[in-house]
Amino acid sequence: MRRLAGLLLVAALGASPTLPGQEAQSLRGVWQRIEAVVNKGPNAGRHTTDLQPGLAIFTDSHFSLMFVAGFEARPALSAAPTDEERGRVFGPFVANAGTYQFQDSILTRKPVVAKEPSVMTGGSFVNRVRLVADSLWIITLSADSVETRAKWVRIERLPTR
């Protein structure tokens, strides 16, 4: 009876019940970014149609994350691109991969390889997350207190071992 009451409470609160050790398993798969909500600043608001592409892959202990930051499409490079053109194209592109841990709604990523060398040597990245079935929200707080809630949906499940 207590277990049923606990499950009903969890369901009412909108969280997905997980047993110890299941959290990392539940991230397994390929995820696509479909929405971003920014709380303040020049990009404040809900972004769906102007959201740039992004994919994340989680295995048991490793991740790969690539996305285009911002809400404008990157320009195509000219036949002989200048450094400024390259900066506009490659600057907003985020790419890193490494190991991760997921516990108590905290996702800690430790990049092993990244587009930017400083990301590889800069330690871990910690985000609050909310995971409900095949929807994942990654909450990021910038140095200037801008909060971004990015919603990702699972587009493929990885087989279990």
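## Briefing: a pocket among strands

The largest pocket has a volume of about 910 Å³. A pocket here is an open set of points on a 1 Å grid over the protein atoms alone, where a 1.4 Å probe fits, with protein on both sides within 12 Å along at least five of seven lines. Its volume is the space filled by probe spheres set on the points, which are joined across faces, edges and corners. The model is predicted: local features need pLDDT of at least 70, side-chain atom pairs count only at pLDDT 80 or more, and totals for chains, interfaces and linings use all residues. Residues are numbered from 1 along each chain as its sequence is written, and side-chain values use heavy atoms, with hydrogens and water left out.

- A lining residue has an atom within 4 Å of a point.
- Strands that give two or more residues to this lining include S1 (29–38), S5 (93–103) and S9 (147–156).
- The lining divides into 24 nonpolar, nine polar and five charged residues. Ala, Val, Leu, Ile, Met, Phe, Trp, Tyr, Cys and Pro count as nonpolar, Asp, Glu, Lys and Arg as charged, and the others, Gly among them, as polar.

**Overall build**

- The chain has four helices and nine strands. These are DSSP runs numbered from the N terminus: helices are H or I with at least four residues, strands are E with at least two.
- From the N terminus, the order is α-α-β-β-β-β-α-β-β-α-β-β-β.
- Of the 161 residues in the chain, 30% are buried. Buried means under 20% relative accessible area, exposed means over 50%, and partly exposed lies in between (1.4 Å probe, protein chains only).

**Strand S8 and its partners**

- Five of the seven residues of S8 are buried, so the rest of the structure largely encloses this strand.
- S7 and S8 pair in the antiparallel sense over five bridges. Strands pair if DSSP finds at least two bridges between them.
- Arg128 has Ile139 of S8 as its bridge partner.
- Two residues lie between the strands in the S7 and S8 hairpin, where Ala133 takes a positive phi near 55 degrees.
- S8 also pairs with S9 in the antiparallel sense, over seven bridges. Here Trp137 has Lys151 of S9 as its bridge partner.
- The hairpin of S8 and S9 has five residues between the strands, and Ser145 in the turn has a positive phi of about 65 degrees.

**Rings and charges**

- There is one aromatic pair in the structure. The ring centres of Phe58 and Tyr100 are 5.0 Å apart with planes at 80 degrees, so the pair is edge-to-face. Rings of Phe, Tyr and Trp (its six-membered ring) pair if their centres lie within 6.5 Å; planes under 30 degrees apart are stacked, over 60 edge-to-face, the rest tilted.
- Phe58 lies in strand S3 and Tyr100 in strand S5, 42 residues apart. Both are buried.
- The charged end of Arg130 sits over the ring of Trp137, 5.0 Å from its centre. That requires NZ of Lys or CZ of Arg within 6 Å of the ring centre and within 35 degrees of the ring normal.
- Arg109 places its charged end over the ring of Phe63, 5.6 Å from the ring centre.

**The loop between S5 and S6**

- Asp104 is in this loop, with a positive phi near 50 degrees. Asp104 is exposed, with a relative accessible area of 59%.
- Ser105 is in the loop too and has a positive phi of about 65 degrees. Ser105 is partly exposed, at 37% relative accessible area.
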